[in-house]
Amino acid sequence: MNPLLAAENVSHHYPVHRGLVQKRFVRAVDDVTFDVRAGETLGLVGESGCGKSTLGRVLVRLLQPSRGSILFGGTDVTRLRGRALHQYRRQVQMIFQDPFASLNPRMNVHEIIAEPLHNFSIATGSAADRIVRKTLETCGLPASSADRYPHEFSGGQRQRIGIARALALRPSFIVCDEPVSALDVSIQAQIVNLLVDLRREFGLTYLFIAHDLAVVRYISSRVAVMYLGRIVEIAPTDLIYRAPAHPYTKVLLSSVPLPDPAAERQRTSIPLLGELPSPLSPPTGCKFHTRCPWAQFPICRDVEPSLREFAPGQAAACHFAGSIPAGLITRGGRASLS
């Protein structure tokens with residue numbers, strides 16, 4: 001299946017000025033390559049600060065990549081300007097994390113959802129009214145809520161408004177930037193189920209950014225794991241949860257509580273060493289080697305592993321992807337050969 005969107009060696013570096021002339025860069029996204037297939041949901045997971053949201057903003061062109069290309073339907077959208085970029089943004093929308101901060105408090109719901117319809121010259125007047133009310137009902141809100149303001153709604157209802165705004169243009173690709181992390185657990189399930197229903201009804205494609213691995217497992221067909229600005233593993237959801245290949249993925253999954261108390265008692269969590277390194281000065285070699293329980297020297301310290309496919313559909317950026325070498329044991333949180 002041909003990808004709907006493909007990122008190739010995409011980077012986004014934030015400049016940091018020290019003094020009058022010295023300039024350094026925060027490597028928020030660093031040489032990322034992956035694709036999203038039409039009709040699928042690709043989950044993107046990782047710690048806070050690893051670059052997930054920055055990558056999402058780069059894909060919708062809210063941020064310009066420092067280098068690399070983003071192909072959408074075969075067209076490199078990093079080169080688009082003016083009207084061509086305007087049309088791309090009709091096809092690619094974003095649902096933001098904070099459903100209150102992303103809605104203009106001075107506009108009522110009708111104005112919020114109708115604004116993109118006006119901007120793209122899709123509908124005005126009574127035609128826009130019909131689309132707004134139909135979209136609200138599709139997203140689980142009564143049409144009568146169109147005359148109310150964001151502060152009159154609960155958090156879950158505000159997120160439904162944000163979803164309706166993104167859906168109004170009938171895009172083909174939506175970046176969901178942690179759309180349920182600011183909501184109560186009971187509301188999270190409703191929003192996730194709504195996104196699943198919308199994907200099926202309208203043939204949508206999602207990049208679903210989250211840190212809740214249970215939510216990602218439920219909604220995603222594939223999962224990409226991000227660490228310090230780079231994707232370290234990507235695989236089908238069932239495979240990555242059953243047989244993770246990268247040590248960082250193993251550590252993340254070992255921290256997820258199991259619903260079976262007996263299985264939870266028998267499981268041993270894998271400790272994650274130290275703190276997340278600064279993206280202003282990332283480690284040499286493998287970016288994870290400073291925290292990896294199985295790091296081997298000097299290869300992990302000196303040689304940066306590339307993201308390579310070692311099993312059908314599963315790729316990982318690790319010198320020992322898929323298994324720990326024979327004779328490798330951990331001592332004091334650091335691996336060594338026995």
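This is a predicted model: local features need pLDDT of at least 70, side-chain atom pairs count only at pLDDT 80 or more; totals for chains, interfaces and linings use all residues.
**α3 against α5**

Next I looked up who touches whom. From α3 I get V109, I112, I113 and P116, and they meet I161, A164 and R165 of α5. By class the contact has six nonpolar residues, no polar ones and one charged.

**The sheet**

I traced an open sheet of eight strands with mixed pairing, and wrote down the order as β6-β7-β8-β3-β9-β10-β12-β11. The edges are β6 (92-95) and β11 (308-311), each pairing on one side only. From one strand to the next I have an average twist of 25 degrees.

I then zoomed in on β7 (residues 173-177) and β8 (residues 205-209), which run parallel and share five bridges. In that pair, D177 sits opposite I209 of β8.

**α1 on the sheet**

Which strands does α1 touch? I found helix α1 (residues 52-59) packed on the sheet, in contact with β3 (41-45), β6, β7, β8 and β9 (222-227). The direction of α1 makes about 155 degrees with that of β8.

I checked burial as well. K52, T54, L55, G56, V58 and L59 of α1 are buried. With six of its eight residues buried, α1 is largely enclosed by the rest of the structure. Just after α1 I flagged R61, whose phi is positive at about 65 degrees.

N9 has one, near 55 degrees, and it is not a glycine. I placed N9 in strand β1 (residues 3-18).

L228 is another non-glycine with a positive phi, about 50 degrees. I located L228 in the loop between β9 and β10 (230-236).

Are these two buried or exposed? N9 has a relative accessible area of 42%, so I logged N9 as partly exposed. L228 has 5% relative accessibility, so I logged L228 as buried; the cut-off for buried is under 20%.

Last entry: I found a cis peptide bond between F297 and P298, with omega about 10 degrees. P298 belongs to the loop between α10 (261-266) and α11 (299-302).

Definitions and conventions
Residues are numbered from 1 along each chain as its sequence is written. Side-chain values use heavy atoms; hydrogens and water are left out. Two strands pair if DSSP finds at least two bridges between them. Helices (H or I, at least four residues) and strands (E, at least two) are DSSP runs, numbered from the N terminus. Axes are lines fitted to C-alpha atoms, for helices over the stretch in contact, and angles run from 0 to 180 degrees between N-to-C directions. Contact means heavy atoms within 4.5 Å. Ala, Val, Leu, Ile, Met, Phe, Trp, Tyr, Cys and Pro count as nonpolar, Asp, Glu, Lys and Arg as charged, and the others, Gly among them, as polar. Buried means under 20% relative accessible area, exposed over 50%, partly exposed in between (1.4 Å probe, protein chains only).
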